[in-house]
Amino acid sequence: MKRFRGFVIKEFYHIFRDTRTLLILFGMPVAQILLFGFAITNEIKDVNVAILDMSKDNTTQEIGNKILSSNYFKLYENLSSVLEIEPAFKKGKIKEVIVFEPDFGQNLTRTGKANVQIIADASDPNLANMIIGYTSLIISDYQRELAKENSFLFQIETEIKMRFNPNLKSVYMFVPGLMSVILLLVSALMTSISITKEKEMGTMEVLLVSPLNPLQIIAGKVIPYLLLAFVNSTVILILARTVFKVPIVGSLWLVVFECILFVITSLSLGIMISTISPNQQTAMMISLGGLILPTIILSGYIFPIDNMPILLQIISNFIPAKWFIIIIRGVMLKGSDLSYVWKETLVLFGMSALFTFISIRNFKTRLG
Amino acid sequence: MRTILFLLRKEFLQIFRNKSMLPLIFIMPLVQLLILSNAATYEIRNITFNVVDLDQSRFSRELVSDFINNGYFKLNNVGFSLENSEEDFKLNTARLIVHIPKYFEKDFLSNGKTKVQFVINAENSADAGIIYNYASSITRMFNADVIAEFQNTSTSKALPLINIEYSNWYNPLLNYKTYMVPGILVVLVSLIGMFLTGMNVVKEKEIGTIEQLNVTPIKKRHFIIGKLLPFWFIGITELAVGIVTGIIVFNIPLLGSPFVILLLASVYMFVVLGIGLFISTVTNTQQQAMFIAWFFLVLFILMGGIFTPIESMPEWAQIIAYFNPVAQFNRALRMIMLKGSGLPDVLPALYFFVVYAAVMMSLAVWRYRKTEN
């Protein structure tokens, strides 16, 4: 035990004496949370639209104004002919063209039927989907008002209640996701080179001839980073709560506990990468090139897993961040307690155990 | 010239001898492209929903069956308490509750006005908006059907109807792969390029072999060119292979000219490599270089308009995005491939890359010193 303590202290010195790296380790996650927390959103705001109004009457004017005054859209230009639509899109400035047919208002009052066309630039299909959704919602709103003015009977009103996020802020969804992506990447990157570095520098030999067993060496490597990652997750949590005003409806202790568990999972993932890589470059390439995109895309951080094809839903089960995101959104936003998230918690436990087991199995006590 | 050839040979030998890196450089990106391109979609189907029908009338049952038969929704369970039903939000088994109050039908028939409530799990704000849109349009259609039924018997005025037609240009079927493939390719090529160059020089520093290079008579620029060209080739090859794979496997269109892409990519690669090289000249260990490269990569990727639209970002972030080479290349590549934009349309991006590359290279050459101080 005394030997082990000595080893842990050595590892601490290693990390804390390299102030430059330390600064990077503490500064970067904070900078990232702040930057991305503000910048990454898929809310529609001030999207440039062009209007092709072939009718130019009161009704089209009213609808146009209603759309443009909604904060979602902003007029970029007025088009005067169908031929101008294509070049306008190609320049890449506008995302939507709204076309009113000739005699729109007259058609509406006389025949009770008028046509409007919404053309979206679907080279970004997500945006196109949302733009069309918002525009048609505004137009049908207008239609409903029209119906009300004419005291039209037999209406079914829809009432809406958005649970857990009444103002539909995308911060609520993105900040917990961001926490898990950053924590996973930082933690895994930190430990992924810990053992390979000793191998590459030749200091591994010294460790191997010491009486420490593989488990102790691995644990000794992880403990200092665990402390670092814990400080990081606390800072990130505080930022999420104070700067981004993400509520913590559930128990704070549960959140902290899950953070520690997730950090351990990520650190052991890093150690596992470290034991299977022959040199630092390979280890870094696996943890950088192999983790960034799958974690961002398959964890449910940006793209909801429910909407993915079945095969990818299965693959996403292997992404640790996926489970943490479910837990953290559940506890922070919905106030779930352990009885709702015990399955996900168990998965994280299992993953940590598996990664540690593989690391010990792969840890070679002989060189070459 | 001969010096450069020798240097190139050395670098290529080093790359191809490192057996553990080869699959990571050449196979991993392709695997990721093939798998991850399928992931992104906001097209929501199979929305699980609960029904709390307190009316139990003919109308309410018809409305519920409209939801079930619509194709977008999937019934999870039916209950009589809104509170119990909301428990399913926490278990993630339902995303919407259709709450039909008592006297739903009666109010409609006697007062001409009635209400239905939708409770939505809005944890995911974007999905919640779309779910509401679907739900309210089903209700509108139901409303119209019911009115049509009554039209004959009562003397109600016809509801003015605005018919909304949609068209999605450049991607009429909203195929998300055509959107994801260029984006993921840009990320992978940038990642490989920046990482490999970033690690390369700093590794020579850390192991000490840079001393050997420093005492040779090669010039600074020879050294830099020798370090960059191999990765430039790798990057361009991977981009080409990736685009061809995208066309064959995912059927994504290539409307514009491949030569414009090649031209743009050639310059773009120098930007990425220049950033990598600059990082390696300002750091001392591979660990530091990796963390800095990681920071910028994640920054470039997440703020590059690849997964979330740049238009949604706040003003200051859009300014940062303008100086983000990944964002610029991603935008240009999507424009060329999906919209068939030509050279004049992407000329600003090209100029931008030329200046960017020149600046990064000069910085790297300036920072690289043969002598220790």
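Angles under 35 degrees count as roughly parallel, over 145 as roughly antiparallel, 65 to 115 as roughly perpendicular and the rest as oblique. The model is predicted, with local features needing pLDDT of at least 70 and side-chain atom pairs counting only at pLDDT 80 or more, while totals for chains, interfaces and linings use all residues. Residues are numbered from 1 along each chain as its sequence is written, and chains are lettered from A.

**View 1. Crossing of helices α10(A) and α11(A).** Helix α10 (residues 214–242) and helix α11 (residues 252–276) of chain A have axes that come within 9 Å and cross at roughly 135°; helices here are DSSP runs (H or I, at least four residues), and axes are lines fitted to C-alpha atoms over the stretch in contact, with angles from 0 to 180 degrees between N-to-C directions. α10(A) and α11(A) are therefore oblique to each other.

**View 2. Residues between α10(A) and α11(A).** Contact means C-beta atoms, placed from the backbone, within 7 Å. Among the residues making the contact are Y225(A) and F230(A) of α10(A), and C259(A) and L267(A) of α11(A). By class, the contact has 14 nonpolar, one polar and one charged residues (Ala, Val, Leu, Ile, Met, Phe, Trp, Tyr, Cys and Pro nonpolar; Asp, Glu, Lys and Arg charged; the others, Gly among them, polar).

View 3. Q155(A) lies opposite K113(B).

**View 4. Contact of chain B with chain A.** Chain B gives 101 residues and chain A 103 residues. On the chain B side, α7(B) supplies the largest share, 16 residues.

Conventions: Contact = placed C-beta atoms within 7 Å. Helix = DSSP H or I, 4+ residues; strand = E, 2+ residues; numbered from the N terminus. Pairing = 2+ DSSP bridges.
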